[in-house]
Amino acid sequence: MDTKQNRFQQQAIIQQLSRQDAIRFFNLLTSAELFDVLESLLPEHHRERLFPPTETLAM
């Protein structure tokens with residue numbers, strides 16, 4: 001992703017957060033689109049942890 005697109009996504013999330021309650025924001029963060037992006041950015045062989053990055057995000 002390019003920097004301009006990253007900034008746009010960050011601004012969209014900030015706007016959503018300012019307008020939504022915690023549950024709706026959680027649903028936004030765990031939406032299939034954002035979850036797939038997060039999964040694609042993880043290293044292929046990251047260490048297994050008690051709370052992997054995607055689970056940490058969900059919390």
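## Surface and overall make-up

The accessible surface of the protein comes to about 5200 Å², and 57% of that surface belongs to carbon and sulfur atoms. The model described here is a predicted one, and of the 59 residues in the protein, 8% count as buried.

## Confidence of the prediction

Because the model is predicted, a careful reader will want to look at the confidence values, where pLDDT is the predictor's confidence in each residue, from 0 to 100. The mean pLDDT of the protein is 77, and 86% of its residues reach 70 or more. Confidence is highest in helix α1, which covers residues 3–19 and has a mean of 81, whereas it is lowest in helix α4, residues 53–58, where the mean is 70.

Along the chain Phe25 and Ile14 are eleven residues apart, and in the model their C-alpha atoms are separated by 9.7 Å.

Gln16 has its place in helix α1, and with a relative accessibility of 25% it counts as partly exposed. The C-alpha atom of Gln16 is separated by 8.3 Å from that of Leu28, although the two residues are twelve residues apart along the chain.

Thr30 and Glu55 are 25 residues apart along the chain, and the separation of their C-alpha atoms is 9.8 Å.

## A nonpolar patch on the surface

Which residues form a nonpolar patch on the surface? The patch is formed by Leu50, Phe51 and Met59, which together have about 390 Å² of accessible area. Of these residues, Leu50 is found in the loop between α3, residues 32–41, and α4. Leu50 counts as exposed because its relative accessible area is 71%, and the cut-off for exposed is over 50%.

Terms used: Residues numbered from 1 in each chain as written. Predicted model: local features only at pLDDT ≥ 70, side-chain atom pairs only at ≥ 80, totals over all residues. Heavy atoms only, no water. Helix = DSSP H or I, 4+ residues; strand = E, 2+ residues; numbered from the N terminus. Patch = residues over 30% accessible without salt bridge, like charges linked within 9 Å, V, L, I, M, F, W, Y side chains within 5 Å. Areas by Shrake-Rupley, 256 points an atom, 1.4 Å probe, with all protein chains shown as cover. Salt bridge = Lys/Arg side-chain N within 4 Å of Asp/Glu carboxyl O. Buried < 20%, exposed > 50% of the residue type's maximum accessible area, 1.4 Å probe, protein only.
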